[in-house]
Amino acid sequence: MPPIPPLFKLALEPEGSITCTQPSPRVYLLTFDSPPDNRLTPEFCAAFVLALDIVDRRFEKGVIVTTSAIPKFYSNGLDFESAFKSKSFFPESLYPLWKRLLTYSMPTIALINGHAFAAGIMTAMMHDYRFMNPHRGFLCLNELEFGATLKAPMSSIFRQKLPNPNTYRTMVLEAKRFNALEALQEGIVDGLGMVPEVLKFVQEMGLVDKAKSGVYGQLKAEMWRETVAYLDDYAGSEKLIEERIRGEERRQERCERRVAEWEKSKDQKGAKL
C-alpha cells in the first residue's frame with residue numbers, strides 16, 4: 001500500500017514533526033514524531049494544539065486519531081526540565097492541550113502504539129477512546145517510583161473514566177505496568193490493534209457522524225466537568241496542594257511531639273500506650 005499523502009505537517013523544535021493524514025474519509029490521523037520518546041515539552045504541546053485547531057477549523061467534522069511515529073513510545077511523559085523551570089508550563093502549555101482534547105468538538109481516539117508512562121497515559125486518557133498495540137508497550141503511572149505527586153486533573157481524569165476504582169489504586173499505589181490485555185480487561189483501553197482495527201471501530205460505532213449536531217464538545221465538557229474545572233483553575237488547585245503540604249507538615253510536627261513524649265514517659269515510668 002503506498003504511503004498516504006499528508007494533509008499538513010507541523011515542524012517541532014529542535015527536531016520532529018506532527019503529521020496529519022487521512023487514512024479513511026473524515027478520519028484524521030495525527031502522528032507525532034519527537035525523538036527520542038515524545039516528551040510533552042511546551043513546543044510539543046503547542047504544535048499538538050495547533051494541529052487540533054487546524055483540523056477543527058479547516059476540515060470537515062469527523063474523528064481524530066493520535067499516535068506516534070516512534071514504535072517504542074506513544075509518549076514517555078513530561079520533560080522535567082521544561083515542566084518545572086517555568087511556572088507557566090502547566091497553565092499555558094500542558095493544561096490547554098489536555099482541555100482541548102477532553103472537550104474537543106469531534107470524537108478522539110488515542111492509538112497507543114508503544115509505552116505510555118505518567119503524563120503520556122494521562123494525555124491518552126483525555127481522549128474519548130483508547131486503542132493499544134497488542135504486541136508492544138506498557139501503560140504505567142510511575143510517579144511513585146520517582147517521587148512525584150499528582151496534580152488535581154492528573155488524578156481526577158482516572159477517577160472519572162476508569163470503571164473500577166481498584167484499578168486506579170493499583171496504578172497509583174503500586175505503579176503497575178499494564179500490558180495491552182491487562183489494560184483492556186481493566187477498562188483503561190477500549191480495544192486492541194493498530195490503524196486497521198481503529199478504522200473498523202470508527203465504522204462500527206458510526207463515529208464520523210457524531211459531531212454533526214455541533215454539541216459533541218459541550219456534552220463532554222459537562223461529562224468531565226470536575227477535570228475541566230481543575231484544568232481551568234490551575235492557581236486554585238495549586239493552592240489546595242500547598243495547603244495540603246502545610247497541613248502535612250503540621251501533622252508530622254504533632255506526631256513527632258507525641259512520639260517524643262511517649263519515649264520520655266517510657267524512660268521514666270515504663271512503656272505506656
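Predicted model: local features only at pLDDT ≥ 70, side-chain atom pairs only at ≥ 80, totals over all residues.
Residues are numbered from 1 along each chain as its sequence is written, and side-chain values use heavy atoms, with hydrogens and water left out.

Let me start with the whole chain. Its secondary structure comes to twelve helices and ten strands, where helices (H or I, at least four residues) and strands (E, at least two) are DSSP runs numbered from the N terminus. The C-alpha trace spans about 85 × 40 × 35 Å along its principal axes. Of the 273 residues, 48% are buried, and here buried means under 20% relative accessible area, exposed means over 50%, and partly exposed is in between, using a 1.4 Å probe and protein chains only. If we take contacts, meaning heavy atoms within 4.5 Å, between residues at least 6 apart in sequence, then 69% of them join residues at least 24 apart.

Now to the helix pair. Helix H6, residues 152-161, and helix H11, residues 225-232, pack at an angle of about 170 degrees, and their axes are 9 Å apart. The axes are lines fitted to C-alpha atoms, for helices over the stretch in contact, and the angles run from 0 to 180 degrees between N-to-C directions. H6 and H11 are therefore roughly antiparallel to each other, given that angles over 145 degrees count as roughly antiparallel, those under 35 as roughly parallel, 65 to 115 as roughly perpendicular, and the rest as oblique. On the H6 side the residues are Ala 152, Pro 153, Ser 156, Ile 157, Arg 159 and Gln 160, and they meet Arg 225, Glu 226, Thr 227, Tyr 230 and Leu 231 in H11. By class, this contact of H6 with H11 has five nonpolar, three polar and three charged residues; Ala, Val, Leu, Ile, Met, Phe, Trp, Tyr, Cys and Pro count as nonpolar, Asp, Glu, Lys and Arg as charged, and the others, Gly among them, as polar.

Arg 225, in helix H11, is exposed, with a relative accessible area of 53%. Arg 225 and Met 125 are 100 residues apart in sequence, yet their C-alpha atoms are 15 Å apart in space. Compare that with Glu 249, which is found in helix H12, residues 234-269: the C-alpha atoms of Glu 249 and Ser 237, twelve residues apart along the chain, are separated by 19 Å. Glu 249 is partly exposed, at 46% relative accessible area.

Which backbone oxygen lies 2.8 Å from a polar atom of the side chain of Ser 75? That oxygen belongs to Asn 38. Ser 75 lies in strand S5, residues 73-75, and at 3% relative accessibility Ser 75 counts as buried. Leaving aside neighbours within four places in sequence, Ser 75 is in contact with a set of residues including Asp 37, Asn 38, His 115 and Phe 117. Thr 103 sits in the loop between helix H3 (89-102) and strand S6 (108-112), and a polar atom of its side chain lies 2.7 Å from the backbone oxygen of Lys 99.

Some backbone details also deserve a look. The peptide bond from Glu 13 to Pro 14 is cis, with omega near 0 degrees, and Pro 14 is in the loop between strand S1 (8-11) and strand S2 (17-24). Pro 35 and Pro 36 are likewise joined by a cis peptide bond, with omega about 5 degrees. Ala 118 has a positive phi, near 50 degrees, in a residue other than glycine, and at 8% relative accessibility Ala 118 counts as buried. For Ala 175, phi is also near 50 degrees, and Ala 175 counts as buried at 6% relative accessibility.

Finally, the cysteines. A search of the whole structure finds zero disulfides, a disulfide being a pair of cysteine sulfur atoms within 2.5 Å. Cys 45 is in no disulfide, and the nearest cysteine sulfur, that of Cys 20, is 18 Å away. Cys 45 counts as buried at 1% relative accessibility, and Cys 140 counts as buried at 0%.

Key. Polar contact = N/O pair within 3.5 Å; in protein donor to acceptor, adjacent residues only side chain to side chain.
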